[in-house]
Amino acid sequence: MGMRKVAVIGAGMTKFVRRAQETPKELSWGAARMALETADLTLDDVDAVCVGTAPDAFDSVHMNGEYLSDGAGAWRKPYMRSYVGGGTGVFAPIQGWYHVASGLFDLVLVVAEEKMSSFYPHAQAAFLTIFDHTTERPLKPNLLWIFALEMNRYMQTYGISKEDIARVSVQHKRNAADHPCALLGDADITVQDVLNSEVLAWPVQRLDVSPVSDGAVAVILAAEHIAKRVTDKPVWIEGVGWCLDTAYWTNRDLAYPRYVESAARMAYEMAGIREPRKEIHIAEPYDPFDYKALHHLEGLQLADRGQAPRLYIDGIAARDGNMPVCPSGGLLGVGNPIAAAGLMKIAELFWQLRGEAGDRQVPGSPRRGLAQAWGDLMQVGTVVIMGR
Amino acid sequence: MTSKIKMFPGTPLSEEDFTEGNVLFNVDQMRGDFAWDTGVAIGAYLAALKEGMLLGARCATCRRTVVPPRLVCEWCFRPMVDYVPLQDTGTVNTFSLCYVTWDVQRIKEPEIPAVIEIDGASPLHGIMHKIGEVEPEKVHIGMRVKAVWRPPSDRVGAITDILHFKPIEEV
């Protein structure tokens, strides 16, 4: 297709915290600076900047992209902000990828930031506006509804138990105990802890949910000739895909995310992957709720429909299993500053595939990984495949 | 790299930092009033609700009946001109027992949001609404329900003209 090869050559992130002292700009700068410094680059080397950040309603800043631009190092450079709801964190690097793959730019800085704690009393209220203002909002819905409704439908369709779903939360939070930036890492959490936690919107309980968080992540993308000069361990972006389903979410199958399947098939085809279950060595599916990781693994074709819980029961998804899932700790463990959480998965694959993930390192020199995010009104899937 | 980095940026604050004045902060409110035009399709839907009827739209090309009605079929991108009355009964596709409000206040008696597949619409085609007049533990997927309407004089042409859906007595 005449596209240039694109590599990730640097990554940086802030701690994910419940409430950060730093402003969104300051968080962005922290992550961007770490990405540049660890790649031995300066802002002068950057041709263009891409920023991802989710709803403006969180910090009540209109044109949040422009607000963040100095912290993201964007002034006097070509600059774009992308937004596809929760899918933003994995879409921003796709945007960066086509900036470079097209031949337009050689080196692009991608920054994703979210500060959710500014919203009082709770950021959940900021989500009210995602529902249709005429046909749904008069019912006074809250964000938990759609997750609870989808989770219940998923459980019922395939006969999946709460206990099987709780294993996801347990494994991700245990993995996060090894992440230096994690908000909710817990090496000792058990399935019983999840099942005994407060019921918010049955079947969703407190420990089924990722925490509201503040944080930022940055990665640097480079064309092949630059990447090979700058590092001896480039991690290539081998495939990208994204897809949007209908916003009439009550008019479609809630048990299976077809839009994730479409995004994954686009990425697999680009990467030349025919048997994803053998060829993907690390999966970082989007896990704002524990059942979502399962739902997405099925959409990604990494498990048969209704069979994703087996990956956890059989230990395949464990950090030392055949296909580790969320070795980072995921959103459930590291935290969920929306756009930053998606880009965290890209950074995790970068570190894992370079063998630099420290205590979280997946054994066996993994060669290829997949990161996926999801968002809008349960309708968008974004997928990136990376390999070395 | 994370194995080499000792210090990550980011400074966590606690609620006490605010209550004890350890950090400065400013407080503001965003206020916005809006009036949304309901448009052609949803306008017809709301007018029908005022008459005590649920309205759908049929796409002759895709052979499906959707609810709420819309001006264009999102799959074949042809106009949807065929508006059809649906039943005010349906089947619970999924539900939740919700113990928190939209701003995360705790409530004792759960709200019961549900997706209800409306009779007369295509399979898996429904609307979001609430279930009422039922013991929460008796609600189940597949349960048959019927709309409970406001009295005609109280209807304003809104989704809340249906108070909730209640179980259909099984005879």
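Two strands are taken to pair if DSSP finds at least two bridges between them. In this predicted model, strand S4 (residues 89-95) of chain B and strand S7 (residues 113-118) of chain B meet that criterion, being joined by 5 bridges and running antiparallel. Within this pairing, B:Val92 has B:Ile116 of S7(B) as its bridge partner. Both strands belong to an open sheet of 5 strands in chain B, ordered S8-S7-S4-S9-S10, with antiparallel pairing. Strand S8 (126-130) and strand S10 (162-167) of chain B form the edges, each pairing on one side only. Direction ignored, neighbouring strands of the sheet are turned by 45° against each other on average. Helix H4(A) packs on this sheet, where S4 and S7 of chain B are touched. The direction of H4(A) makes about 95° with that of S4(B).

The contact between the two chains involves 53 residues of chain A and 42 residues of chain B. On the chain A side, at least two residues each are supplied by strand S1 (6-13), helix H1 (24-38), helix H4 (143-158) and strand S5 (199-202). H4(A) contributes the largest share of that side, 7 residues. By class, the side of chain A that touches chain B comprises 25 nonpolar, 18 polar and 10 charged residues. Strand pairing also crosses between the chains: 2 bridges connect S5(A) with strand S5 (residues 97-100) of chain B, and the two run antiparallel. Here A:Ala201 is placed opposite B:Cys98 in S5(B).

Chain A contains 13 helices and 11 strands. Its radius of gyration is 19 Å, close to the 21 Å given by the globule rule for 388 residues, so chain A is as compact as a globular protein of that length. The C-alpha trace of chain A spans about 50 × 45 × 40 Å along its principal axes. Of the 388 residues in chain A, 64% are buried. Among contacts in chain A between residues at least 6 apart in sequence, 78% link residues at least 24 apart.

Within chain A, helix H3 (residues 88-101) packs against helix H13 (residues 338-353) at an angle of about 60°, with the axes 6 Å apart. H3(A) is therefore oblique to H13(A). From H3(A), the contact includes A:Thr88, A:Gly89, A:Val90, A:Ala92 and A:Pro93. These meet residues of H13(A), among them A:Ile338, A:Leu343, A:Lys345 and A:Ile346. The residues of the contact of H3(A) with H13(A) divide into 9 nonpolar, 3 polar and 1 charged.

Note on methods. Residues numbered from 1 in each chain as written. Chains lettered and ligands numbered in written order. Predicted model: local features only at pLDDT ≥ 70, side-chain atom pairs only at ≥ 80, totals over all residues. Contact = placed C-beta atoms within 7 Å. Helix = DSSP H or I, 4+ residues; strand = E, 2+ residues; numbered from the N terminus. Nonpolar A, V, L, I, M, F, W, Y, C, P; charged D, E, K, R; others polar. Rg over C-alpha atoms; globule rule 2.2 N^0.38 Å. Buried ≥ 20, exposed ≤ 12 C-beta atoms within 10 Å, placed from the backbone. Axes fitted to C-alpha atoms, helices over the stretch in contact; angles between N-to-C directions. Parallel < 35°, antiparallel > 145°, perpendicular 65-115°, else oblique.
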